[in-house]
Amino acid sequence: GYNPLETPAFERYDILASKYAGGAEILKETFRFKDQGKRELSLRYDLTVPMCRFVGMNPNIRLPFKRYAIGEVFRDGPVEKARYRSFTQCDVDVVGISSMTADAEIIALTQRAFNELGFDAVIKFNNRKLLNDLLLKSGVKKDKLETAILSIDKLDKFGLETVKKELKQKKIDDKTIKKIIDMINIKGGNKEKINKLKKLLESEGLDEIGELFSLLMVLDVNAEFDISLARGLTYYTGTTMEVYLRNSKVKTAVCAGGRYDKMIGSFLGKGDYPAVGISFGLDRIYDAYVEKNEIIQKTVTKVYIIPIGTFKESSKIAEELRRENVDVDIDLMERGPSKNLQYADSLGIPYVLFVGKEELKQNKVKLKDMKSGKEQMMNAEELVEFLHKNLE
């Protein structure tokens, strides 16, 4: 039920720098430039803010608006393992639904996607309203909520001591820090954590967590309520989500998102546009997929044709196979059979087709299975039938 939407790779800087968008932390990593009209522009750092800008420019759009987008985003940050300056995000978002039904649908979609890819994924969820209420209950002043959340967001990556030190540097006292750590470290299953928190405070965020958890149970989705999950971007207003992979060298989140109910309405200066979405980090997922699945084939080519003094006839065969939706390549350099075989083998091409004058006299070609080494003589009909049966 999600429809495609594409937005440009760049936006006006004031849109991406809006106080309703990603916040100061992300702006440090935003590529900026001026066009010939001296207008301030930036490369997009995610696909969410541009989508909100699109909805804001089309206020008569029919709600709920459900969209998916796949595109490159850019961050001017440090380059390290599983962290890129240009990377591809795959997003799904729902605009116009304030209930947890949309959040539950997106988490279910996420579980289904990782199951399809064969990953053992850990989906974690929390709620920004709950986290705000926990911090206030611990003694954090309202004007320090965002900066405290930015520090807590570093817990998984840098550990407890680093987070404590950073909170201290932000003039949050030891007693408050201890209360924060005690609360976000509450142990137990999802239901147990919810019940323990209910005894400590009343929170709209906690009610939303309870509603979301009950919906996920109905949908048979296995997700973990993680009280420490913060998410650094300032636009989150409710549910937050992150996905990690078990038994993978990719230790960072491969998928993340949440609810951002205020951004679109704030761009318009009016109206209620609740929204929730999640973003799959394609590059990190690919890194994990390659690690898990030994990928031998280095090309989309399924059949490589080696003409032996028969280039014109071989070209015709190549075109006929392409019309049959077979991915075919052909030697254009007039190399000998042994060099062509080495070339096909180096790219992991599964089948090679020899087309010589002797084969053509018989109205046949010779097909070699590069994995088994088996060779077969076939006519055109037999060849097409074999390839359709044996190629995915």
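What radius of gyration does the chain have, and what would a compact globule of 392 residues have? The chain has 27 Å, whereas such a globule would have a radius of gyration near 21 Å. The model is predicted.

The C-alpha trace gives the extents. Along its principal axes it spans about 90 × 55 × 40 Å. The chain holds 17 helices and 16 strands.

Some totals for the chain follow.

| Property | Value |
|---|---|
| Buried share of the 392 residues | 47% |
| Accessible surface | about 21200 Å² |
| Carbon and sulfur share of the accessible surface | 50% |
| Distance between mean positions of the 65 positive and 60 negative charges | 5 Å |

Contacts reach along the sequence. Take those between residues at least 6 apart: 66% of them join residues at least 24 apart.

Helix α17 covers residues 380-390. Which of its residues are buried? They are Leu383, Phe386 and Leu387. These residues lie on the same side of α17, because they cover an arc of only 95° around the axis. The spacing fits a general rule. An α-helix has 3.6 residues a turn, so residues three or four places apart point the same way.

The face turned away from the buried side of α17 carries exposed residues: Glu381, Glu385 and Lys389.

What covers the buried residues of α17? The cover includes one helix, α14 (311-323). It also includes the strands β12 (303-308), β14 (351-356), β15 (365-369) and β16 (375-378).

Definitions and conventions
Residues are numbered from 1 along each chain as its sequence is written. This is a predicted model: local features need pLDDT of at least 70, side-chain atom pairs count only at pLDDT 80 or more; totals for chains, interfaces and linings use all residues. Side-chain values use heavy atoms; hydrogens and water are left out. Helices (H or I, at least four residues) and strands (E, at least two) are DSSP runs, numbered from the N terminus. The radius of gyration is taken over C-alpha atoms; the globule rule is 2.2 Å times the number of residues to the power 0.38. Buried means under 20% relative accessible area, exposed over 50%, partly exposed in between (1.4 Å probe, protein chains only). Contact means heavy atoms within 4.5 Å. Accessible areas come from the Shrake-Rupley method with a 1.4 Å probe; for residues, only the protein chains shown count as cover. Lys and Arg count as positive and Asp and Glu as negative; His and the chain ends are not counted. The place of a charge is taken as NZ of Lys, CZ of Arg, CG of Asp or CD of Glu. The arc is that of the directions from the helix axis to the C-beta atoms.
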